[in-house]
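Thanks for picking this one up. Here are a few notes to read with the structure open beside you.

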Number of protein chains: 2
Amino acid sequence: MPKEYLKDLLIPSESKIVLLVMDGLGGLPMEADGKTELETAKTPNMDKLAAEGTLGQTIPIRPGITPGSGPAHLALFGYDPIAYDVGRGALEATGAGMDFQPGDVAVRGNFCTVDENGLITDRRAGRIPSEESIHVVEKLAKVSIPGVETKVKLVKEYRFAVVMRGEGLHGEIDDTDPQRTGVAPLPAVATDPNSEKTAELFNQWIAKAREAIADEPKANCLTLRGFASDPGLPKYKDVYGLRAACVAVYPMYRGVSNLVGMDVQSFAGEYPADEFKAVANAWDDYDFFFVHIKKTDSMGEDGNFDGKVHIIESVDEALPALMDLNPDVVIITGDHSTPAKMRSHSWHPVPFLIWSSQYSMPDTQTHFGERACAQGGLGTIPATDTMSLALAHAGRLQKYGA
Amino acid sequence: MPKEYLKDLLIPSESKIVLLVMDGLGGLPMEADGKTELETAKTPNMDKLAAEGTLGQTIPIRPGITPGSGPAHLALFGYDPIAYDVGRGALEATGAGMDFQPGDVAVRGNFCTVDENGLITDRRAGRIPSEESIHVVEKLAKVSIPGVETKVKLVKEYRFAVVMRGEGLHGEIDDTDPQRTGVAPLPAVATDPNSEKTAELFNQWIAKAREAIADEPKANCLTLRGFASDPGLPKYKDVYGLRAACVAVYPMYRGVSNLVGMDVQSFAGEYPADEFKAVANAWDDYDFFFVHIKKTDSMGEDGNFDGKVHIIESVDEALPALMDLNPDVVIITGDHSTPAKMRSHSWHPVPFLIWSSQYSMPDTQTHFGERACAQGGLGTIPATDTMSLALAHAGRLQKYGA
């Protein structure tokens, strides 16, 4: 249970909390004397919230640790990712909208291409497009082995997810992806005796699945990565007393939200304005809204400084629609840093802004940016304290002790 | 044991430390662009210490958690209040100066008024004044039941404390206060089997006590809250090597100080100058002085911004008398924030000032206030690190490792 001490302090409230996560928000200047992406972006709406609210910076996992997206989001949601190890398969399967329950084992699949000797020639099956791979996934979906139920779903292009359901399954199994070409896929091997039966079942499934797709021109084989059981994470309703909604475009983020008990919202479009509209549509039914913006991270990964600036500005432009809903608390932050300069996630602290309609302590900062946040009134805090601060500013926590 | 690593580092010293706690010191601006209570107050003497010393801000319990006074003080004294759960009854009894020892069970009592059917009509017995209730407490003090010893002492007005001493007593017992009128007081019910005998003994005592005061016009019944055993906290002398004195007007703070082994000082008056005089009187006999100013908190709770400003100024005005004693280390802080704007305790970080006659690292700040503290040289630290910093600045800790 994250932050065990919170549970006894929760008090009912009508207040609404928005957690707006711009993935990979934190950046670096391209030149030593330059500005970061966020510092460069014109963000008058966020700056207003920065002036009225309080800034700070978060450490996603531990100082110096560069987080993956899954652990970084778990941290924002209040679950120490060092304590809660959630397998990538679990994130992928739930993210793809699959029914994934305690006792199931999920895994990510990649289509690959093998030659006549069974050696991998392309680890991503020529980046086969979704329009083609959907038919290959249909073949996999028909594969069945005795004693367990298996489901398969396309994620995107060469990626799919598999969920196995049955008695006594455990997910402590090594990846079958050898991570290079010129070799054969590995068999599924258990790393713990209690997972040996499950590994054997997956090997049976792999054998039949390979037969089923052997004639495919590109996707004639597969590898499996990130075997995982349901981590059994405590749910938002129980931990925080919040009816929580997830508004995210990308499957992974829907997945991790779902694992903590958020209701994933369906909506059309992929722009910030579309996402805020989805928040508006669900406004009356929930207390907490997690809104995820993916493209800040994608632009950072692409080394596209200006593109990342533009995405941040487009979020700022759409922000008034969110504020028109009269939220009680708005948090704007990232899950980690993805500086365009590094073209990758990084360990740098993440800008954090908390604004409350009633209880904000304004600090000396008036712009939302990395260096302003480092000087902010909250100081440098673990990302796992985000939810405690959100609940406090929303009037949802009573006093600890008399 | 708090901060286990300190014990082996302690070195003897003649140095004197003063921990001056203005209860609920932290505040908020009433208007978005305004100043806080502390920022508004004219505090030339504290500002001088701020300029010479180092500022910072503390998190009393955890980010977002609003502390009660007991846990907040434990934290300042170096005991993580999440790890050390001290019952309110223990604080009240020791605060009232009762002899409370390991194995005893203490509880807070409230006089109430019941009608002819035994239903509560006033939970505070018409806020009966102490001059009247002292006589009712005398009746309670004469009540005895077989096998245990009970003592009763008036706290104030309708409040008193009871201590029961005997074999095998345990304090895991629910309150008998139903928290509303129109119903009868509840019986004492154990929440753990090991406390069942104690609950039964308290029920016997309650029955006899009610008989003894049944004829009273207002205080004709009672409720009990916060049953507690002695938490067995390690003492200041053992943990820090300090002979510690408590100078406080209010019982609760005397109580919590006593539980950590401080000697509670008796003195006349209730103004800051009176308290500093009490420090002066005890100066030669102690190494550490905890001085508690209550009214900053009371004014905050009353929503009296100007009143809180005035109390802070009165402390500042009296401060030279304290500095004339030539302390080696002075810490000025609060136990938590009590913004007049909120009329309650809050979770906001607490201003912290440490001044040392020899070892201060002056930061860039020259005024004592929330926003200066957020920019201070100590950064944002847990309140539980207060004592380590005090000892270090007092030259009372040797090097860790070679």
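1. Let's begin where the two chains meet. In this predicted model, 22 residues of chain A are in contact with 26 residues of chain B. On the chain A side, β13 and α13 (386–393) each supply at least two of the touching residues. The most comes from α13(A), with four residues. Sorted by class, the side of chain A that touches chain B holds eleven nonpolar, seven polar and four charged residues.

2. Next, please look at the sheet in chain A. This sheet is open and has eight strands, in the order β9-β8-β10-β1-β11-β12-β2-β13, with mixed pairing. Because β9 (263–264) and β13 of chain A each have a single partner strand, they stand at the edges, and one side of each lacks a neighbour in the sheet.

3. Now for β2(A): what joins it to its partner strands? Five bridges link β2(A) to strand β12 (residues 350–356) of chain A, and these two run antiparallel. Three bridges link β2(A) to strand β13 (residues 380–382) of chain A, and this pair runs parallel. As landmarks, Leu55(A) stands opposite Leu353(A) in β12(A), while Gln57(A) stands opposite Thr380(A) in β13(A).

4. Are the residues of β2(A) buried or exposed? Six of the six residues in this strand (residues 54–59) are buried. Thr54(A), Gly56(A) and Thr58(A) point one way, and Leu55(A), Gln57(A) and Ile59(A) point the other way, with all of them buried.

5. Setting aside neighbours within four places in sequence, the contacts of Leu353(A) include Met46(A), Leu49(A), Ala50(A), Leu55(A), Ile331(A), Ile332(A) and Phe368(A). Gly53(A) and Thr333(A) are also in contact with Leu353(A). As background, nonpolar side chains in soluble globular proteins tend to be buried together.

Conventions
Residues are numbered from 1 along each chain as its sequence is written. Chains are lettered from A and ligands numbered from 1 in the order in which they are written. This is a predicted model: local features need pLDDT of at least 70, side-chain atom pairs count only at pLDDT 80 or more; totals for chains, interfaces and linings use all residues. A residue is buried if 20 or more other C-beta atoms lie within 10 Å of its own, exposed if 12 or fewer, and partly exposed in between; C-beta atoms are placed from the backbone. Two strands pair if DSSP finds at least two bridges between them. Two residues are in contact if their C-beta atoms, placed from the backbone, lie within 7 Å. Ala, Val, Leu, Ile, Met, Phe, Trp, Tyr, Cys and Pro count as nonpolar, Asp, Glu, Lys and Arg as charged, and the others, Gly among them, as polar.
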